[in-house]
Amino acid sequence: MAEIYRRHFFVWTEGEEKFMEFMNSFHDTIKFTFSWSSEKVNFLDVTVVFNNGIVSTDLSSKPTDKHQYLFHTSCHPGSCKKAIPFWQALRLRRICSSNTFFEKRVSELCDYLVERGYRKDHVKKQIDRDRRISRVDSLRDNQPVNNNRIPFVVTFHAALSNIGKILHRLCNYCLAVILL
């Protein structure tokens, strides 16, 4: 049975030294280091900002992040490359708690993707789709829709014919034969 690992975020109010003693008491050879701030803290890819008693979140990127998104000229399915701007912007919608943060980050995302060969009008269109999704809706846990489709998995190669169209045509043919 697979174990599920979760990352947790919490606020510790008992002082930094006590926290480090607590964390470093679990194992002899694993030792933690820390940095702290009373204004903001980075956790995974999120910056949590404390401002006048209000908690807000923004994207956190390490200084070494080169923003090397998939080149648009790469040999990946077109649907994959078409979806990247939408899903990256949706990720930003979920992370950024304010529209100010979100707009700043999607502007940067647009520039990064254009540098990687994506058409600016396509990127902006996908970002506009995300603008129409409220942050509350973006954070909702969507349950998968049950369907009776059987997955057909093949290795992608640009020289292959459109397998989806072939299967769709064959499926219609098979249904016609079954109905006869």
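Which residues does Lys81 touch, not counting residues up to four places away in sequence? The points below cover this and other features of the predicted model.

1. Start with Lys81 itself. It is found in helix 2. Beyond residues up to four places away in sequence, Lys81 touches Leu70, Phe71, His72, Thr73, Ser74, His76 and Tyr118.

2. Lys81 is buried, yet it has no salt bridge. Asp121 has the nearest side chain of opposite charge, and that is 15 Å away. A polar atom of the Lys81 side chain does lie 3.0 Å from the backbone oxygen of His72. His72 is also among the residues that Lys81 touches.

3. Next, the largest nonpolar core. It has 17 residues. Those touching the most other members are Leu92, Val106, Leu109, Leu113, Val123 and Ile127. At least two core residues come from each of strand 2 (46-51), helix 2 (78-95), helix 3 (99-115) and helix 4 (120-131). Helix 3 gives the largest share, five residues.

4. Take Leu109 from that core. Neighbours within four places in sequence aside, Leu109 is in contact with Tyr69, Pro85, Gln88, Ala89 and Leu92. Leu92, like Leu109, is one of the core residues that touch the most other members.

5. Last, helix 1, which spans residues 16-24. Its buried residues are Phe19, Met20, Met23 and Asn24. They lie on the same side of helix 1, because they cover an arc of only 120 degrees around the axis. The face turned away from that buried side carries the exposed residues Glu17, Lys18 and Glu21.

Terms used: Residues numbered from 1 in each chain as written. Predicted model: local features only at pLDDT ≥ 70, side-chain atom pairs only at ≥ 80, totals over all residues. Heavy atoms only, no water. Buried < 20%, exposed > 50% of the residue type's maximum accessible area, 1.4 Å probe, protein only. Helix = DSSP H or I, 4+ residues; strand = E, 2+ residues; numbered from the N terminus. Arc of directions from axis to C-beta. Core = buried A, V, L, I, M, F, W, Y, C linked by side-chain atoms within 4.5 Å. Contact = heavy atoms within 4.5 Å. Lys, Arg positive; Asp, Glu negative; His and termini not counted. Salt bridge = Lys/Arg side-chain N within 4 Å of Asp/Glu carboxyl O. Polar contact = N/O pair within 3.5 Å; in protein donor to acceptor, adjacent residues only side chain to side chain.
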